[in-house]
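Please read it alongside the structure.

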Amino acid sequence: MEELEKETEQLLEQGVVPGLAMVRVGRMPENVDCMEKAEAYGKTVGIVVEKYIFPEKCDEMDVMDVLEVINDDPRIHGILLLEPLPDDMSERRIRGMLNPAKDLEGLDWGSLAGTDVDSMRKLMEMTVKAAKGQLR
């Protein structure tokens, strides 16, 4: 964690506050837990975690509209779309909305199942890399 804090501090000195957007549809307990842990861990290393939470029964277009805003938000450097999405939503269409330069899962470092400290560290490391323009 010390190296991550150092990298975050260097970004802060340059006026860049690393930002992570987490998007969740519904209340799957593991996704709720993941968001809470990511937010808490982000605070310890200086990363802002923005949470976008939709009810289980929402319009797919609402999620896509928010993703469009997040894609264009310069304060957000990484996006994590928590899955699975409800059955009535097109995962392919929604995932296709993600800016590839901000899509943290596009790096194939595995899922956040279990949301342990190592997973949170990797999530925050990817966010810092994105903030430094090193993602992809």
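1. D103 and R95 form a salt bridge, with their closest N and O atoms 3.4 Å apart. The model is a predicted one, and the distance should be read accordingly. D103 counts as buried, at 9% relative accessibility, because the cut-off for that class is under 20% relative accessible area. R95, at 22% relative accessibility, counts as partly exposed.

2. Over the whole structure, the search finds 6 salt bridges. Two further examples are described below.

3. E60 is joined to R93 by a salt bridge whose closest N and O atoms lie 2.6 Å apart. This pair connects distant parts of the chain, since E60 belongs to helix α3 (residues 60-72) and R93 to helix α4 (residues 91-95), 33 residues apart. As for accessibility, E60 counts as buried at 13%, whereas R93 is partly exposed with a relative accessible area of 47%.

4. A salt bridge also brings together the side chains of E39 and K51, at 3.0 Å from N to O. Here the link runs between a helix and a strand: E39 is in helix α2 (residues 29-45) and K51 is in strand β2, 12 residues apart, and the pair links distant parts of the chain. E39 is partly exposed, with a relative accessible area of 23%. K51 is likewise partly exposed, its relative accessible area being 36%.

5. Strand β2, which carries K51, is part of an open sheet of 3 strands, ordered β2-β1-β3 and paired in parallel. Why does one side of β2 and of β3 lack a neighbour in the sheet? Both β2 (48-54) and β3 (78-81) stand at the edges and each has a single partner strand, so one side of each is left without a neighbour. On average, and with direction ignored, neighbouring strands of this sheet are turned by 15° against each other.

6. Strand β1 (residues 19-25) pairs with β3 in the parallel sense over 4 bridges. Within this part of the sheet, V23 has L81 of β3 as its bridge partner.

How values were computed:
Residues are numbered from 1 along each chain as its sequence is written. This is a predicted model: local features need pLDDT of at least 70, side-chain atom pairs count only at pLDDT 80 or more; totals for chains, interfaces and linings use all residues. Side-chain values use heavy atoms; hydrogens and water are left out. Two strands pair if DSSP finds at least two bridges between them. Helices (H or I, at least four residues) and strands (E, at least two) are DSSP runs, numbered from the N terminus. Axes are lines fitted to C-alpha atoms, for helices over the stretch in contact, and angles run from 0 to 180 degrees between N-to-C directions. A salt bridge is a side-chain nitrogen of Lys or Arg within 4 Å of a carboxyl oxygen of Asp or Glu. Buried means under 20% relative accessible area, exposed over 50%, partly exposed in between (1.4 Å probe, protein chains only).
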